[in-house]
Amino acid sequence: MVQAQGSPVRVVYHLSEGTAQASRALEYIRNHLEVDPQAQIVVVTHALGVDFLMKGAKTAKGNEFKSAVEDLDLQGVKFRVCEITLRERGLKREQFLPEVQFVPSGVAEVARLQAREGYAYLRP
């Protein structure tokens, strides 16, 4: 699917590898929005990729991810968490930041966004 010229770029960032990958991704997303503030960005997480979206999660430097997630949420970035991961890891929705949306399957959501909504795929 080719987007019309002038319409916002749509991008899905796919995270499944834990907090180091999440730290990189958040930096890339901030940079992305700096040069293209109209970009429509969805972050889809599963497996260890959900960890940074949990309440109290911290970077390697000891800073909570919460403020970065809140800031990006205010800029229109969407954060989606895989419900299969929750089931497999025994996690509960209440353990996650309020900015999170839940989807039945992270990988199915990535595929849907690419195939049906024309999102470009990025994996930091």
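This is a predicted model: local features need pLDDT of at least 70, side-chain atom pairs count only at pLDDT 80 or more; totals for chains, interfaces and linings use all residues.

Residues are numbered from 1 along each chain as its sequence is written, and side-chain values use heavy atoms, with hydrogens and water left out.

User: Within what arc do the buried residues of H1 fall, seen down its axis?

Analyst: Helices here are DSSP runs of H or I with at least four residues, and strands are runs of E with at least two, numbered from the N terminus. Buried means under 20% relative accessible area, exposed over 50% and partly exposed in between (1.4 Å probe, protein chains only). The buried residues of H1 are Gln21, Ala22, Ala25, Leu26, Ile29, His32 and Leu33. Taking directions from the helix axis to the C-beta atoms, they line one face of H1 because they fall within an arc of 135°.

User: Which side chain of opposite charge is nearest to glutamate 99?

Analyst: Glutamate 99 sits in the loop between helix H3 (83-89) and strand E4 (100-103). A salt bridge needs a side-chain nitrogen of Lys or Arg within 4 Å of a carboxyl oxygen of Asp or Glu. Lys and Arg count as positive and Asp and Glu as negative, while His and the chain ends are not counted. Glutamate 99 is buried and has no salt bridge, the nearest side chain of opposite charge, 6.6 Å away, being lysine 66.

User: Which residue forms a salt bridge with lysine 66?

Analyst: Lysine 66 is partly exposed, at 37% relative accessible area. The closest N and O atoms are 3.1 Å apart, and the partner is glutamate 70.
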